[in-house]
Structure formats: C-alpha cells, structure tokens
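Subject: A structure for you to explore

Hi there,

Here is the structure I promised to pass on to you. Have a look at it first, and then read on for what turned up in it.

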Amino acid sequence: QVQLVESGGGLVQAGGSLRLSCAASRTIFSINTMNWYRQASGKQRELVASVTRGGTTNYADSVKGRFTISRDNAKNTVYLQMNSLKPEDTAVYYCNVRFSPPPTYVEVEVWGQGTLVTVSS
C-alpha cells in the first residue's frame, strides 16, 4: 500500500512563502492526477491545485497566480509552491494521488496525513 508523506507546513506572515512537499513511499504507476486539497477550520475540503499525467495544471481561482504545483517523477514527489500567502490560506493541506493500477485499472486514490499552514496577518 503506497503512502504519502507531506512536509513543509508551518507559520508564516502574510505575504510570505512556503513550499509543501508530498513524497510517495514507492513509485506509483498509472497516475491520473496529483492534487493538493485544503481544509480550513469549519469548512469543507477544497481542491487547490492539480497536475495531470500529461503535465496539465489547474488551480482554484483563489490561488491562481500565487500557487504553483509541480512534480518530480524521479523522486515520486509533488510540490506546492505558495507565494503571497494570505490569512485566508490558513488550512490543513492534503496531498492526494489518483491512479489506475493493473490488472483492473480501476481508479483508486490515496491521501496524505495533512500538513498545517498558518498565515498570520
């Protein structure tokens, strides 16, 4: 069973930057998408950014132009570079990978444990 381990969260002042990392415990084949979600206190989990197998990226409107998702296939790692952070970015950030392993090729997903990002005003 593959596991995802996030790191890079912490406390930062508004306007600052953080880079989150999500490392898989082993190579994941047949990846469909790698995603970052976040959940603020009292709110539903929301998709922040995603990158497809082909490298296409998508972002929530609230983070466009500030956040960048990237992946390093050799290191089985996906990153989220967060710049110009705002207090409303405060949340627990979760890494998520969706893939379709053989022999069934049915899509499955795995989640990381989450990492807390706190942005002070």
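A charge sits over a ring if NZ of Lys or CZ of Arg is within 6 Å of the ring centre and within 35 degrees of the ring normal. Please keep in mind that this is a predicted model.

Which ring does Arg45 lie over, at 3.8 Å from the ring centre? That ring belongs to Tyr94, and Arg45 lies over its face. The charged end of Arg45 also sits over the ring of Trp111, 4.7 Å from the centre of that ring.

Now for the rings themselves. The structure holds 2 aromatic pairs. In one of them, Tyr37 and Trp111 are tilted, with 4.9 Å centre to centre and 55 degrees between the planes. Tyr37 is found in strand S4 (residues 31–39) and Trp111 in strand S10 (residues 108–111), so this pair ties together parts that are 74 residues apart in sequence.

Are these two residues buried or exposed? Tyr37 has a relative accessibility of 13% and counts as buried, because buried means under 20% relative accessible area. Trp111, with a relative accessible area of 30%, is partly exposed.

Trp111 also pairs with Tyr94: their ring centres are 6.5 Å apart and their planes stand at 80 degrees, so the pair is edge-to-face. Here, too, distant parts of the chain are linked, since Tyr94 is in strand S9 (residues 91–99) and Trp111 in strand S10, 17 residues apart. Tyr94 is buried, with a relative accessible area of 15%. Taken together, the ring pairs link Tyr37, Tyr94 and Trp111 into a cluster.

In what order do the 4 strands of the open sheet run? The order is S1-S3-S8-S7, and the pairing is antiparallel. Why is one side of S1 and of S7 left without a neighbour in the sheet? Strand S1 (4–7) and strand S7 (67–72) stand at the edges, and each has a single partner strand, so there is no neighbour on one side of each. From one strand to the next, the twist averages 15 degrees.

You can follow one of these pairings in detail. Strand S7 is joined to strand S8 (residues 77–82) by 6 bridges, and the two run antiparallel. One place to look is Asp72, whose bridge partner in S8 is Thr77.

Enjoy exploring, and write back with any questions!

Best wishes

Key. Residues numbered from 1 in each chain as written. Predicted model: local features only at pLDDT ≥ 70, side-chain atom pairs only at ≥ 80, totals over all residues. Heavy atoms only, no water. Pairing = 2+ DSSP bridges. Axes fitted to C-alpha atoms, helices over the stretch in contact; angles between N-to-C directions. Phe/Tyr/Trp six-rings, centres within 6.5 Å; stacked < 30°, edge-to-face > 60°. Buried < 20%, exposed > 50% of the residue type's maximum accessible area, 1.4 Å probe, protein only.
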